[in-house]
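The questions below go through one protein chain, starting from a single residue and its surroundings. Please keep the sequence and the structure in view.

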Amino acid sequence: MESFTLINKRLIPYCLTSLMAVFLSACSSPPQRQIELPELAYPAAPDEPRFYFEQSIRGSADVVQASEDDKMMYFLTGRGQMSEGLSKPFDIATHQGRIFITDTAKRDVLIIDKKMGLFDSVVKVSNVKMSKPMGVATDTAGTLYVLDHTLKSLFRFSRDGDHLDTIRLEDHLQRPTGIEVNPEGTLAFIVNTGGVSSTQHNVVVLDLATQEIIRTIGTRGTGDAEFNLPKDVSLGKDGLLYIVDSGNFRVSIVTQTGEQVRSFGKIGSQHGSFSRPKGIATDADGNIYIVDAGFGNFQIFNPEGQLLMFVGTRSSRGSRGEFMLPSGIDVDEDGRVYMVDQYLRKIDVFRPASLPEGQGYFSAPEPAADSNAQ
C-alpha cells in the first residue's frame, strides 16, 4: 500500500508536467496550414492572366487573425475562432485598404480593414440607427456616405465610423438605391430607381456643402438621358457619369449636367450583353465594371463599351469566383476588385496581375496581440 502511494505521488506530478508541456507546445505552435488550392486566374490559361482570385470574406475570421488565447481555447475545447458573419450584404466602397459593406439585414455598415485586423460596424461605433442602408461611397479623404433606401436619407460618417451628419431627402427620392460622390466630397449623385407608376427614374445631384438639390438628370423612357429602373452610378476619371440603366439593359454615359454622351449594351445571353445588370465601378484607366446577377459575374468594358473580359460564374455552391446573386462592386486604388454576393453572403477579392502578391493597401493583417500582453 505504501509503495502504491509512493508511486502515485511520483507519477501524478510527472503526468501533470508532461500534460503541461504538451499544452504549452500546442498553444505556441502556429495554426495548421490550410489546404493550398491552385491559383485561379482570369482569363484561364493559355491566355495571359489579368486578374487572380485572392480571397473570400465571409466574416471576421477571414480578416482578424487568431490570438494565442484563441489557440488556447481551441486546444482546451476544440472550438475554433468565433466569427461574425455577413447577413445580407448589398454594396461596397473602399478607401486605402478599408472596405465598407452595407448589410440590409443587419441595418448596418460593416467596416473591414485586413491589415489592421479590424471587423467593426458604424452602428457599434456611432450608435446611429439606420433602416435599410443600400448604396455606399467614399471620397478621397475617406469620408463615408451611406444611402438609406427606407429613410430616404444620406448619412455621413468618418472613416472610423463616427457620425458626422444626416441629410434628409424625403421630398426628392422615391426608391433610392445607388450613390456616387466626387473625389472632393462636394457633390453626391443619387440614383432613384423609381417604380412601375413613377416617372422618378433619374439621378439626383446633391450639393453636399449646402445640402441642396442642384438638379435631377433624366426621366423614365428609352431615349437619350432617359432611364428605366436605373440601379447604380459611377463617376469616371473623365468626369462623366456611368449609369446602370437596368430596365433598358444598357449603360448610359452622361455629363454631370445631364447631357447624353453615349450608351452601350443590349439584352442577351452572350457576354457583352446584359441579363440583370446591377452594380457598376470604374478604374483609373477608365475601364467599366458591370455586375450582372443573371450571369453571376462582372464584365469589364473599355471606355468605348467594348467587352474586354468577364470574371466569375453562376453557381449556388459559393466556391471561389462563384456567384448566385451578386450586387455591389468597387475597384480600389491598387486595381483590386471587390464583389458582393447577397445570397452567398460573401465578398470576393480579385488582384490585378500587375500587382505583386501581398502588395497594396489590402495586404496581410498584422500579427494578433495576446490579450494578456502588457
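Q: With which residues is Val337 in contact, leaving aside its neighbours within four places in sequence?
A: Contact means heavy atoms within 4.5 Å. This is a predicted model, in which local features need pLDDT of at least 70, side-chain atom pairs count only at pLDDT 80 or more, and totals for chains, interfaces and linings use all residues. Residues are numbered from 1 along each chain as its sequence is written, and side-chain values use heavy atoms, with hydrogens and water left out. On that basis the partners of Val337 are Phe51, Tyr289, Phe298, Ile329, Asp330, Val331, Asp348, Val349 and Phe350.

Q: How many residues does the largest nonpolar core have?
A: A nonpolar core is a set of buried Ala, Val, Leu, Ile, Met, Phe, Trp, Tyr and Cys residues joined through side-chain atoms within 4.5 Å. Buried means under 20% relative accessible area, exposed over 50%, and partly exposed in between (1.4 Å probe, protein chains only). Val337 is among the residues with the most contacts inside the largest core, as are Tyr42 and Ile329. The size of this core is 16 residues.

Q: Is the aromatic pair of Phe298 and Phe350 stacked or edge-to-face?
A: Rings of Phe, Tyr and Trp (its six-membered ring) pair if their centres lie within 6.5 Å; planes under 30 degrees apart count as stacked, over 60 as edge-to-face and the rest as tilted. For Phe298 and Phe350 the distance is 5.6 Å centre to centre, with 70 degrees between the planes. The pair is edge-to-face.

Q: Why is the pair of Phe155 and Phe157 classed as it is?
A: Phe155 is buried at a relative accessible area of 2%, and Phe157 is buried at 0%. Their ring centres are 6.2 Å apart and the planes stand at 15 degrees, so the pair is stacked.
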